[in-house]
Amino acid sequence: MTPLRGYTAPLSPDGRAGIVPAPPWHYVGDFTLVEYRADAGAVAALLPPELDPDPDDPGAMAAIFADWQSCTDDCHEVADPVQCQYKELFLVVACAYQGQKASRCVYIWVDKDFAMYRGWIQGFPKKLGEIHMTRSYGFGIPAAPLQPGTRFGATCTANGRQIARAVVTLTGVSENGPTVNAPAMHNTRHFPAYDGVEPDVFELVRAGGYDRRLSEVWEGEAELCLYPDTIEDLRAIAPIEVGKGFRYSFAYSVNGGEVLVQHDKQALRP
C-alpha cells in the first residue's frame, strides 16, 4: 500500500494535495505601512509574560498591508498564480525580549488558505479577510508612480465588517524607513489539543529569515482608521497618534525559526 505523504493536510499518495508545501519559502511583496501610537496599557495587554513593552515607546504599533508572491525552491507556484499570490494586513506592536528590541504580530488577516495555514505554522495568528491595495507600476500618473504627491490606499474587511483603511501620501525618499517592524518577530505558535483544554503546542518563537532585500523606501503623510465593529477589540489599540506612512518592496526567504521558550499551558485554562 502506498503511504500517504505531505508536509500539511490533506495527505495524499503523491503528497501534492497539501495546502502548504515544505519550506524553504521565498517571498517578495509590496508594502503600504503606517506607524502609529496606541494606548500603552492596551498594547501591553496583548503581550505574553515573556515579552515586555518597548521601553522607548510602549504604545508603538504599525499597520502593515502587503501584496505578496511566494514560492518554494522549484518555483512551480509562479506558473499557477493562485498558489502563490495573496494579500494581508497585520498589526504589529513594538516590544522587547530579554532587554532586546523585538516586534510581535498581534492580529493579521489574509485572503488565501495556504497563507493562513503557513502563518499558523510560523506563529502568525492569521484569519481570513479581504484586502485591497493600490499598486504601482513605475510609470504614468494613473499607475501610481513613486513620486511626491502619489496617494496609496489600502483596505481590509472580514466577516462582513470593515477592519481597517489606510492612505499614504508620498512626500519623498525615506532616510530611515519604518522602525516598529524592523526587529525580529516574536510570535506564539499555538495549536489546541484534540482532547482537553491545554494546548498541544504553546511556544514563543523568533521568526527566521535570510537573503533579505529591500527596495528604496518612500515615506509620506498617513491616515489610518481601525473600525470599532469587529470581533477583535480594535478600539483598544486604535490610533491615538498617527505617524509616518511608507511604501516599499521587500523580499526574503524562510526555512524555520527559533523556539525561545515554552509558554505556561496552565495559563490558558478557563
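**View 1. Asp229 sits out in the open, exposed with a relative accessible area of 55%.** Here "exposed" means over 50% relative accessible area, "buried" means under 20%, and "partly exposed" covers what lies in between (1.4 Å probe, protein chains only). A quick word on what you're looking at: this is a predicted model, where local features need pLDDT of at least 70, side-chain atom pairs count only at pLDDT 80 or more, and totals for chains, interfaces and linings use all residues. Residues are numbered from 1 along each chain as its sequence is written, and side-chain values use heavy atoms, with hydrogens and water left out. Which residue does Asp229 form a salt bridge with? The partner is Arg161, and the closest N and O atoms are 3.8 Å apart. To count as a salt bridge, a side-chain nitrogen of Lys or Arg must be within 4 Å of a carboxyl oxygen of Asp or Glu. Asp229 is in the loop between β13 (218-226) and β14, while Arg161 is in strand β9 (residues 161-173), so this pair ties together parts that are 68 residues apart in sequence. Arg161 counts as partly exposed, at 30% relative accessibility. Elsewhere, salt bridges with shared partners join Arg37, Asp57 and Glu241 into one network.

**View 2. Asp30 and Arg247 form a salt bridge, with their closest N and O atoms 3.9 Å apart.** Asp30 belongs to strand β1 and Arg247 to strand β14 (residues 241-254), so to speak distant parts of the chain, 217 residues apart and linked by this pair.

**View 3. Lys87 and Asp111 meet through their side chains in another salt bridge, 3.8 Å from N to O.** This pair also links distant parts of the chain: Lys87 is in strand β4 and Asp111 in the loop between β5 and α2, 24 residues apart. Lys87 is buried at 17% relative accessible area, and Asp111 is partly exposed at 25%. Side chains of opposite charge can pair when their charged atoms come close.

**View 4. Ser12 is tucked away, buried at 9% relative accessible area.** This serine is in the segment before β1 (25-37). A polar atom of the Ser12 side chain lies 3.5 Å from the backbone nitrogen of Arg16, and the backbone nitrogen of Ala17 is also 3.5 Å from a polar atom of that side chain. Leaving aside neighbours within four places in sequence, Ser12 is in contact (heavy atoms within 4.5 Å) with Pro3, Leu4, Arg5 and Ala17. Pro10, also in the segment before β1, is joined to Ala9 by a cis peptide bond, with omega about -5°.

**View 5. Three strands make an open sheet in the order β10-β11-β15, with antiparallel pairing.** Strands β10 (186-191) and β15 (258-262) are at the edges with a single partner strand each, so one side of each has no neighbour in the sheet. On average, neighbouring strands here are turned by 35° against each other, direction ignored. Strand β11 (residues 201-206) is joined to β15 by four bridges; two strands pair if DSSP finds at least two bridges between them. Helix α2 packs on the sheet and touches β10 and β11, its direction making about 105° with that of β10. Axes are lines fitted to C-alpha atoms, for helices over the stretch in contact, and angles run from 0 to 180 degrees between N-to-C directions.

**View 6. Helix α2 (residues 113-122) is mostly covered, with seven of its 10 residues buried.** Among them are Phe114, Met116 and Ile121.

Technical notes. Helices (H or I, at least four residues) and strands (E, at least two) are DSSP runs, numbered from the N terminus. A polar contact is a pair of N or O atoms within 3.5 Å; within protein, one must be able to donate a hydrogen and the other to accept it, and residues adjacent in sequence count only if both atoms are side-chain atoms.
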